[in-house]
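This report describes a sheet, a helix and several individual residues. Please consult the sequence and the structure alongside the text.

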Amino acid sequence: MSAAAVTDAAWRQLHDAATAPYQKAGQFTYHFARGKLGRDPVFRGLIERGLIGADRRRVLDIGCGQGLFASLLSSMASMQAAGRWPAAWAATPPVADYTGIELMPRDVARAESSIGHLQPTPRFVCADMCSAELPASDLVVILDVLHYVDLDAQEGVLRRVHESLAPGGRMLLRVGDASSRRGFAISQWVDRTVTRIRGHKVSPTWGRALPDWVALLQRLGFKVQSIPMSEGTPFANVLLVADRTG
Ligand SMILES: C[S@@+](CC[C@H](N)C(=O)[O-])C[C@H]1O[C@@H](n2cnc3c(N)ncnc32)[C@H](O)[C@@H]1O
């Protein structure tokens, strides 16, 4: 089998394993999980690019929704323990200590009823990221969340993330690039629609152009690398890999 065929097969296994637990929470939650993990390039992109890191054990997922990343971490650990991890993929944490922070009680309930049984038990905190205590972490993941709060609040969250990260810690932050008007407008529209369907109260609105995101992160003490991360979608999403320096 070619290396690409091996990783494609491994991704299909991961996709099935990480989404299967959501069947317990009903058809909507299950199909939402399958669609999100299958169609959003970010999850496989993080793995293929080796951005997670086996040593980053304490994981904080801000705006975690129904906890898909926790399920993925657990499925990745199981595949590695079973010796079914492709040689082309860098290892991810063999045991992750996961905390998810999520504003919407309904999402937290879905997460807990679907993957609350995993070992080690993922911890879900129903709280506003702008005021929630952020635990000491090695990896902070914030995917498509910051645009729900205004620019000052975004900066406040990022400053506290920087403080909570251990030396050598990493933040994986996906944002929309507001300078790409069409892609940003499409993602805002989709987010608003999904937000309404899922019964959310807040609407996502606040964006920055990519150079402004990078400048802000550098000012806060991060070393930043940006990677386009909307392949196969009409969005203008960018993944910012922000490492704590010092
Ligand atoms: C577009 S979803 C992304 C979910 C998840 N990060 C993912 O990629 O699958 C944005 C999530 O951020 C959450 N959120 C929005 N504002 C928040 C806040 N102030 N504190 C915590 N979570 C928030 C929303 O409820 C929603 O679940």
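## Basis of the description

Two strands are taken to pair if DSSP finds at least two bridges between them. Helices (H or I, at least four residues) and strands (E, at least two) are DSSP runs, numbered from the N terminus. The model is a predicted one, in which local features need pLDDT of at least 70 and side-chain atom pairs count only at pLDDT 80 or more, whereas totals for chains, interfaces and linings use all residues. Residue numbers start from 1 along each chain as its sequence is written, and side-chain values use heavy atoms, with hydrogens and water left out.

## Strands E2 and E3 and their crossover

Strand E2 (residues 97–102) and strand E3 (residues 123–126) run parallel and are joined by 4 bridges. Within this pairing, Thr-99 has Arg-123 of E3 as its bridge partner. The chain passes from E2 to E3 through helix H5 (residues 105–115), in a β-α-β crossover that is right-handed; that is, with the strands pointing away from the viewer, the path from the first strand over the helix to the second runs clockwise.

Helix H5 lies across E2 and E3 and runs at about 165° to E3. Axes here are lines fitted to C-alpha atoms, for helices over the stretch in contact, and angles run from 0 to 180 degrees between N-to-C directions. Contact means heavy atoms within 4.5 Å.

## The sheet as a whole

The open sheet has 7 strands in the order E3-E2-E1-E4-E5-E7-E6, and its pairing is mixed. Strands E3 and E6 (222–228) stand at the edges with a single partner strand each, so one side of each has no neighbour in the sheet. From one strand to the next, the twist averages 15°.

Strand E5 (residues 165–176) and strand E7 (residues 237–244) run antiparallel, joined by 7 bridges. In this pairing, Gly-176 stands opposite Asn-237 of E7.

## Arg-244 in strand E7

Arg-244 lies in strand E7 and counts as partly exposed, at 23% relative accessibility. The classes are buried (under 20% relative accessible area), exposed (over 50%) and partly exposed (in between), for a 1.4 Å probe and protein chains only.

Leaving aside residues up to four places away in sequence, the contacts of Arg-244 include His-162, Glu-163, Leu-165, Gly-221 and Phe-222. Arg-244 and Gln-218 are 26 residues apart in sequence, and their C-alpha atoms are 9.7 Å apart in space.

## Helix H2 and its surroundings

Helix H2 (residues 27–39) has 13 residues and reaches 18 Å from its first C-alpha to its last, close to the expected 18 Å; the expected span is 1.5 Å times one less than the number of residues. Its buried residues are Thr-29, Tyr-30, Ala-33, Gly-35 and Leu-37. Among the elements covering them are helix H1 (3–19), helix H3 (41–48), helix H4 (68–81) and H5.

His-15 is found in helix H1 and is buried, with a relative accessible area of 10%. Not counting residues up to four places away in sequence, His-15 touches Arg-34, Leu-37 and Gly-38.

Rings of Phe, Tyr and Trp (its six-membered ring) pair if their centres lie within 6.5 Å; planes under 30 degrees apart count as stacked, over 60 as edge-to-face and the rest as tilted. By this rule there are 3 aromatic pairs. One of them, formed by Phe-28 and Phe-32, is stacked, at 6.1 Å centre to centre and 25° between the planes.

Phe-28 and Phe-32 both lie in helix H2, 4 residues apart, or about one turn of the helix. Phe-28 is partly exposed at 39% relative accessibility, and Phe-32 is partly exposed with a relative accessible area of 24%.
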